[in-house]
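Please open the model in a viewer and keep the selection tool at hand.

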Amino acid sequence: MSKTNTAVPEATIHAEHIGGITQTDVDIPQGVTILSGRNATNRTSFLQSIMAVMGSNDVTLKGDADEGHVELTIDGDTYRRTLRRTNGTITFNGDPYLDDPTLADLFAFLLESNEARRAVVQQRDLRELIMRPVDTNEIQAEIDRLERQRNEITEELEELDSVKERLPSLEERKHELETEIEAKREELAAKEDEIASADADVDETREEKRELESRLEDLRELRSDLESVRSDIDVQEESIESLKRELADLETERGKLPDTPMGDHEELDQEISRLRERKLTLESEVSDLQDIIQFNEEMLEGEDTAVTDALAAEDDPYEDLTDQLLESETTVCWTCGSEVEPDRIEDTLDTLRTVRQDQMSEIRDIEDELDELRADKREREKEQRRRESIDGEIADLEGEITQRETRLDDLREQRDELSEEVETVEKEVETLESEDFSEILDLHKEANQLEFELGQLESDLDDVTDRIAAFEDRLADEDDLRAEREEINDALEAQRTRIDRIEQQAVEEFNTHMDEVLELLGYENLARIWIERIEKTVKEGRRNVEKTVFELHVVRTTDSGATYEDTIEHLSESEREVTGLTFALAGYLVHDVHETVPVMLLDSLEAIDSDRLADLVSYFSDYVQFLVVALLPEDAQALSDDYTRVTEI
């Protein structure tokens with residue numbers, strides 16, 4: 001390994017058997033580090049080493065190795081990752097820098113196959129890519145929780161409004177009861193005076209009188225207990241009926257849901273995984289085809305003279321082939337050395353281009369299918385959560401109904417026992433009665449009844465007084481409940497607009513940086529590339545739904561200064577690469593990736609000319625702590641000498 005312009009290192013990478021690397025140690029200072037070298041010089045393998053120790057699984061082992069490892073030392077902390085090949089599959093162990101590499105894989109590790117970078121070229125769903133790291137299920141679950149909490153408070157506030165309407169009638173009832181109690185007490189006092197007067201005229205034994213009075217008192221208490229039990233029975237029956245109605249509603253709702261919403265979720269996950277793997281394979285094949293096509297196009301156009309110079313060398317068996325390229329209508333095949341007509345090579349290139357286009361079309365079809373499968377999975381997960389919630393509510397209701405029915409059975413049994421006791425005591429009282437003092441017995445009965453009625457009135461008054469006090473206590477909480485509901489509404493608004501805010505910020509970030517980059521790089525007649533956020537009807541599974549999409553626009557200018565809208569297909573390869581990189585940078589900034597991932601990796605930038613590449617690297621370096629860029633030597637020469645350079649790995 002050799003370096004120039006070294007600075008005090010802040011990060012050190014040690015890697016063994018990653019990609020094409022046997023073993024290497026590289027210091028990376030803060031700022032820009034250039035990996036300068038020709039193809040097949042382990043530059044991409046070194047970038048994969050960084051990805052591996054950061055936590056990514058999108059890396060490979062050296063072909064002849066069964067195990068590899070990489071270490072990162074940064075700011076005094078060391079992170080390790082081990083890769084092992086077992087039965088053709090690579091497994092990962094160790095303590096990487098990141099627990100979850102999703103954001104880094106999407107927006108920081110910008111190698112050629114990076115999804116965010118390729119999204120523009122392949123005209124994929126840009127919105128889905130930006131929103132992929134956002135846990136929409138978690139957001140929806142929080143929205144559901146807040147809505148339930150708000151609904152509970154709203155119901156309580158509505159009940160308080162009802163309380164306000166009921167308070168005047170309760171106050172009036174309290175006054176009526178107080179008046180009735182006063183009248184009943186006066187009536188009882190008068191009755192007791194009659195009894196006292198009658199007692200003087202009745203010659204009865206004190207023992208008989210005490211026994212009769214005792215039984216009458218027992219009768220009064222029994223009747224009071226019986227009335228109370230009957231009231232409790234009414235309350236329990238009403239509660240059970242209400243709970244059963246609520247249970248029936250929940251069972252109806254549950255009946256509309258699938259028995260097993262997640263069903264064959266393992267097959268669904270496997271299909272998603274299979275499609276992702278197929279997509280990655282196709283993207284790799286498309287990339288390889290692009291390299292082959294580009295190389296052959298350059299050879300046909302005479303841009304790459306290294307091969308033809310080699311064929312023209314004196315010791316080459318195909319001497320004077322360079323002259324033949326100029327003088328003959330045939331050319332020399334740079335793979336086998338035989339003479340062929342250029343048209344035959346061009347026909348082969350057309351075939352390759354067709355294969356590439358077919359594969360890109362298949363990639364788009366896979367993306368559409370993945371979107372449908374993900375939507376299906378989200379819908380199943382939502383139904384599963386609701387079913388589990390309903391099952392929990394049903395279990396609670398059934399438990400409460402069982403408890404209340406048990407209590408109701410106990411009350412009914414108690415009512416029957418009290419009824420029997422009342423009947424028994426009434427018979428005993430009748431037995432104690434005699435014609436000799438039937439009048440006074442009637443007076444005692446009347447007094448007993450008055451005492452019973454007075455007790456009922458006093459009990460009713462206590463109930464009304466308690467209810468008034470309870471209502472007043474609840475009304476005291478009204479302001480707090482309204483304030484709490486307002487806070488929940490604010491939280492709901494924040495959750496509901498969170499996705500909108502991320503989408504809007506992503507569009508703004510891309511449009512702002514795209515304008516700045518285009519102005520910096522100065523592409524001719526390319527006025528603007530921008531994203532518009534629109535609502536569009538799309539097919540999701542078997543349904544048509546309204547969905548937010550990011551629509552990419554290309555605006556060009558004519559020589560006369562007029563503007564017109566163009567398409568992505570007409571962008572040059574350099575323009576497409578710059579657009580893809582800028583889209584990835586927008587995702588990097590929107591998701592605050594710099595807070596958790598201090599490094600950004602750039603590779604396969606040959607499509608961008610050296611001067612523009614220098615400006616682009618300088619622009620990106622303003623947003624990243626460590627920017628590691630793999631370049632060809634001729635491209636690296638155009639970049640600032642202040643950058644650290646690594647020329648051997």
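**A pocket, a cavity and a helix**

Begin by selecting A141, D144, R148, E253, L257, E379, K382, E383, R385, R386 and S389, which line the second largest pocket. A pocket is an open set of points on a 1 Å grid over the protein atoms alone, with protein on both sides within 12 Å along at least five of seven lines; a cavity is a set where a 1.4 Å probe fits but cannot get out, and lining residues have an atom within 4 Å of a point. The model is predicted: local features need pLDDT of at least 70, side-chain atom pairs count only at pLDDT 80 or more, and totals for chains, interfaces and linings use all residues. Residues are numbered from 1 along each chain as its sequence is written, and side-chain values use heavy atoms, with hydrogens and water left out.

This pocket holds about 340 Å³, a volume being the space filled by probe spheres set on points joined across faces, edges and corners. Helix α10 (342-432) gives the largest share, 6 residues.

Next, select A11, I13, I28, I50, M54, L72, I74, P598, V599, F626 and V628, the lining of the largest cavity. Its space is about 90 Å³, and the lining comprises 11 nonpolar residues, with no polar and no charged ones.

Finally, select α12 (residues 478-521), a helix (a DSSP run of H or I, at least four residues). Centre on T497, where α12 has a kink of about 45 degrees, the angle between axes fitted to the seven residues ending there and the seven starting there. Then move to G522, which follows α12 and has a positive phi, near 65 degrees.

Conventions: Ala, Val, Leu, Ile, Met, Phe, Trp, Tyr, Cys and Pro count as nonpolar, Asp, Glu, Lys and Arg as charged, and the others, Gly among them, as polar. Helices (H or I, at least four residues) and strands (E, at least two) are DSSP runs, numbered from the N terminus. The expected span of a helix is 1.5 Å times one less than its number of residues.
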